[in-house]
Amino acid sequence: MKEQYKKTNEVADDDDEDDEGTRKLLFKFLPSSSFPCHSDNDNTNLLKTILIFLYCHFSVTLLCFNVAFDLFALGLPILILSKTTPFLNSAALTHAMTHLINYTTPIVFSMPLLFSGTKIYCNDIDLLLKSKSQNSLLLANHGSRIDWMVGMFCGYLSQTPPSSSSTSPKRQNCERTRVGFVCEHIIALMPLVGWYRKLVCDDIFVKRSFANDRRAIRDNIRRFRSARAKRMLFLSPEGVVADFGRSDEAYVDACRKFCVSCGYDPPFEYVLTPRYKGTTCLVDHVDDGAGEGGGLVVSVCMAFVRGGKLLNTKLTSPDRVIPDIYLLNRGIGGRPVDIYIHLVQMDMTCHSDAKRLLMDDYRRKDNLLAEWERVLIMTTTTNDEKDDRAAKKKKDWFDQYTLLETNYWDAVSSHALHAALIVATARFLGRLDLLARYFSILFWIVTTCHTVGWMAQSTSRESVPFETGIKAFVAFFMAGRGEDAGPK
């Protein structure tokens with residue numbers, strides 16, 4: 001942790017560009033007589049930027065290619081068998097899909113979270129282990145677009161650092177746990193990964209109307225309970241990620257007014273207000289069937305730090321950055337994102353006052369993120385005594401978090417196994433010559449979709465592949481009708 005403490009307090013390099021700066025840099029050096037070459041340093045920065053983005057596009061393409069194979073070659077046949085034969089009932093289907101998900105998971109998070117240098121820390125290993133050992137509902141803030149990848153990483157862990165209750169310094173084993181998500185219904189329509197989450201993972205997709213979503217939520221929970229399938233279920237009660245459009249600003253303002261009307265003054269600055277009605281229904285996931293909490297409800301607060309700065313800072317701050325798949329992958333260039341997970345167990349059942357509990361919890365999360373920012377922006381003074389106190393406070397703050405490590409070579413072997421199975425299948429079908437062509441076409445589609453969307457809206461919104469381009473198209477269509485696309 002000492003090494004991480006030093007790393008987190010480094011000042012960001014002068015040549016580190018955000019999305020807007022990178023976009024301008026690329027335009028500046030577009031091949032045209034109107035854009036002559038400048039210094040060698042400019043050319044070096046341009047080459048580095050291009051290589052990083054090629055890596056990002058390659059990473060997303062590889063993710064899509066592997067998920068497509070797992071979906072169409074493995075997932076759909078299992079689904080068809082469950083519909084056409086009596087040997088694969090609903091419970092057997094759920095458990096079969098759990099094994100498939102465990103097979104697919106490393107190729108989903110390995111490049112953004114492992115190969116690109118991202119590191120994940122947790123404040124309470126004991127609570128993490130408890131949430132993996134039983135049905136659990138994890139209520140997380142929504143400061144990024146890659147919360148779901150962090151959830152998959154935690155569920156896939158098979159070893160953790162020693163817990164506070166352990167007497168041994170050795171890493172301890174734990175079983176891998178299936179992770180499910182509650183997400184907006186449009187994600188299910190996103191090509192490949194969205195389809196996989198819908199058909200294989202059986203996530204809960206909602207339209208943000210509790211009257212319409214209640215039945216779908218309860219049917220999903222009932223299926224898993226009947227199959228006796230354990231699951232970590234992630235939910236972001238905020239419901240949306242606040243971007244930077246007019247309707248986003250209006251929504252942030254509405255949330256602040258709601259806080260004041262509920263007696264939470266000053267209002268939240270780092271998080272939106274939680275939506276509590278659907279959460280009440282989701283508590284059934286951890287209910288023992290008698291109205292008592294048989295599982296675990298956990299509050300999750302994620303802080304995203306890069307170069308000593310908090311990315312998910314105040315909602316109204318122009319410095320706020322919303323991490324997505326591309327931002328994580330760009331860590332390969334030397335500016336990785338560190339993710340700090342703060343867990344707190346909640347005493348919540350279906351009889352609880354969900355509104356009060358969630359608002360209190362979000363006040364705590366808001367205060368926690370504010371403290372993160374205060375710790376990160378501490379400056380040195382000429383007073384040595386104050387310097388020592390500030391340094392000790394920073395050290396104590398970071399020491400409460402423990403690095404979560406997964407097996408690097410396990411991820412590498414998973415990629416190798418996927419590649420071998422895809423090549424073997426193509427060879428068996430006599431289509432080996434088409435593999436490179438299909439991958440190249442997919443790479444071109446991924447690159448074009450993201451680049452056009454990114455240029456159009458000056459930001460990357462890649463929570464799942466193709467989302468940046470698709471949402472840019474939707475925003476353009478709605479703008480043509482005189483509407484705002486709204487918060488995403």
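Begin by selecting N66, which counts as buried because its relative accessibility is 3%; buried means under 20% relative accessible area, with a 1.4 Å probe and protein chains only. The model is predicted: local features need pLDDT of at least 70, side-chain atom pairs count only at pLDDT 80 or more, and totals for chains, interfaces and linings use all residues. Residues are numbered from 1 along each chain as its sequence is written, and side-chain values use heavy atoms, with hydrogens and water left out.

N66 lies in helix 3 (residues 40-84); a helix here is a DSSP run of H or I of at least four residues, and a strand a run of E of at least two, numbered from the N terminus. Leaving out residues up to four places away in sequence, N66 touches I107, H415, H418 and I422, where contact means heavy atoms within 4.5 Å.

Next, select W148, F153, I339 and L404, which have the most contacts inside the largest nonpolar core, a group of 82 residues. Such a core is a set of buried Ala, Val, Leu, Ile, Met, Phe, Trp, Tyr and Cys residues joined through side-chain atoms within 4.5 Å. Helix 3 gives the most to this core, with 13 residues.

Finally, move to strand 7 (residues 232-235), where M232 and F234 point one way, L233 and L235 the other way, and all are buried. Strand 2 (residues 136-140) pairs with strand 7 in the parallel sense over four bridges; pairing requires at least two DSSP bridges. Within this pair, L138 stands opposite F234.

Definitions and conventions:
Buried means under 20% relative accessible area, exposed over 50%, partly exposed in between (1.4 Å probe, protein chains only).
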